[in-house]
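Please explain this structure, going from its helices and cores to its charged pairs, rings and backbone exceptions. Give the cut-offs behind each term.

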Amino acid sequence: MYMKTLIKSGVAVIALLAAGPVAADEDADLIINDEIEITVRAEAPAHVDGLRTIYSGWVFRADETQALQMDDFENPAMLFADEAREKWTRVEGSAEKSCADCHGEPESLADARGTYPKWNDQAQEVRTLAMQVNGCRTEQMGAEAWKYDSAELLNMEALLSSVARGNPVNVAIDGPVAATFELGKEIYYSRFGQLDLSCANCHEENYGNNIRADHLSQGQINGFPTYRLKNARLNGAQTRFRGCIRDTRAETYAVGSEEFIALELYVASRGNGLSVEGPSVRN
């Protein structure tokens, strides 16, 4: 009986320790491959009323997780970016074109990632980076669009993010995107589900605190797509939005919906001044 009690107590202690928060070095600086300097803290954009300083989610991660992102050979997300680089020159569609036919090397688009979501004049709509990739496939290549947040699309986003690392996030919020921005802001501050929580309740009012085993960040998306250790694959920002709203025990919007496009625009703009750092590594 004593041994059974001891074993049960030991298991309980191990479980408690496993569930406890892991220390993060919030003062650390991110330099990738000893050469790409990433801005992980900056003055909050003027349109963000609830924050004085913005922080990348990287600073809230454990030392071991931070280290994974500092070296491309250790970063598991780079494997997926490499897969997309192999497809970059692949001819597809009725136009018999590849990405390289129009854009040359992926590095030619180094300035793109930090500006999305953005207005597309030709389509007369706000497009996320994923939508723009699919727009190139359907409109320029005559190829089929990839499913939103599918492996193929996330891999390509990872590649385009990787060549943009170190460049600033600079998402426009005025002009033709203004209405979409306002919708995204409304959603960000709306309470959802049985838990009656908004995005702001966790990521604006309680960042730096712990909820169960999670060290809450500001919910910045400058590192997306991100490789999550939790599910060992790339994850898109809108899939993460779904997970957050689901955790409030609410019905959620669909990936690629008008609502999530608006939310992505608003959340991306909250990171204006940070660096593009994807594909990142998170819990």
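The paragraphs below go through packing, salt bridges, aromatic contacts and backbone geometry in turn.

This is a predicted model, in which local features need pLDDT of at least 70 and side-chain atom pairs count only at pLDDT 80 or more, while totals for chains, interfaces and linings use all residues. Residues are numbered from 1 along each chain as its sequence is written, and side-chain values use heavy atoms, with hydrogens and water left out.

Begin with helix α3, residues 77-87, whose buried residues are Ala 77, Met 78, Ala 81 and Ala 84. These four lie on the same side of α3, because they cover an arc of only 110 degrees around the axis. The arc is taken from the directions from the helix axis to the C-beta atoms. An α-helix has 3.6 residues a turn, so residues three or four places apart point the same way. Leu 79 and Glu 86, on the other side of α3, are exposed. Here buried means under 20% relative accessible area, exposed over 50%, and partly exposed in between, with a 1.4 Å probe and protein chains only. Helices (H or I, at least four residues) and strands (E, at least two) are DSSP runs numbered from the N terminus. The buried residues of α3 pack against α6 (151-162), β9 (226-228), β10 (233-235) and β11 (280-282); contact means heavy atoms within 4.5 Å.

Next come the nonpolar cores. A nonpolar core is a set of buried Ala, Val, Leu, Ile, Met, Phe, Trp, Tyr and Cys residues joined through side-chain atoms within 4.5 Å. The largest one has 37 residues, and within it Met 156, Ile 221, Phe 241 and Leu 263 touch the most other members. Two or more residues each come from α5, α6, α7 (178-188), α9 (237-247) and α10. The largest share, seven residues, is that of α10. Leaving aside residues up to four places away in sequence, Met 156 touches Ala 84, Trp 88, Cys 99, Val 133 and Trp 146. Another core lies apart from the largest one and has nine residues, among them Ala 28, Leu 30, Ile 32 and Phe 60.

The charged side chains form 10 salt bridges, each being a side-chain nitrogen of Lys or Arg within 4 Å of a carboxyl oxygen of Asp or Glu. One of them joins Arg 137 and Glu 92, at 3.2 Å from N to O. Arg 137 lies in helix α5 (residues 129-141) and Glu 92 in the loop between α3 and α4 (99-103), so this bridge ties together parts that are 45 residues apart in sequence. Arg 137 is buried, with a relative accessible area of 5%, whereas Glu 92 is partly exposed at 22%.

Helix α5 also takes part through Glu 139, whose side chain meets that of Arg 127 in a salt bridge of 2.7 Å, N to O. Arg 127 is buried at 5% relative accessibility, and Glu 139 is partly exposed at 42%. Together with Glu 125, these two residues are linked in a network of salt bridges. A further bridge pairs Arg 270 with Glu 204, with the closest N and O atoms 2.8 Å apart. This pair links distant parts of the chain, 66 residues apart, and both Arg 270 and Glu 204 are buried.

Where else does Arg 137 make a contact with a ring face? Arg 137 lies over the face of Trp 146, 3.9 Å from the ring centre. A charge sits over a ring if NZ of Lys or CZ of Arg is within 6 Å of the ring centre and within 35 degrees of the ring normal.

Last is the backbone. Most residues other than glycine have a negative phi, and most peptide bonds are trans. A cis peptide bond joins Phe 224 and Pro 225, with omega about 0 degrees, and Pro 225 lies in the loop between β8 (214-215) and β9. The bond from Gly 278 to Pro 279 is also cis, with omega near 0 degrees. Ala 232 has a positive phi of about 55 degrees and is found in the loop between β9 and β10. Arg 249, in the loop between α9 and α10, has a positive phi of about 65 degrees and is exposed, at 55% relative accessible area.
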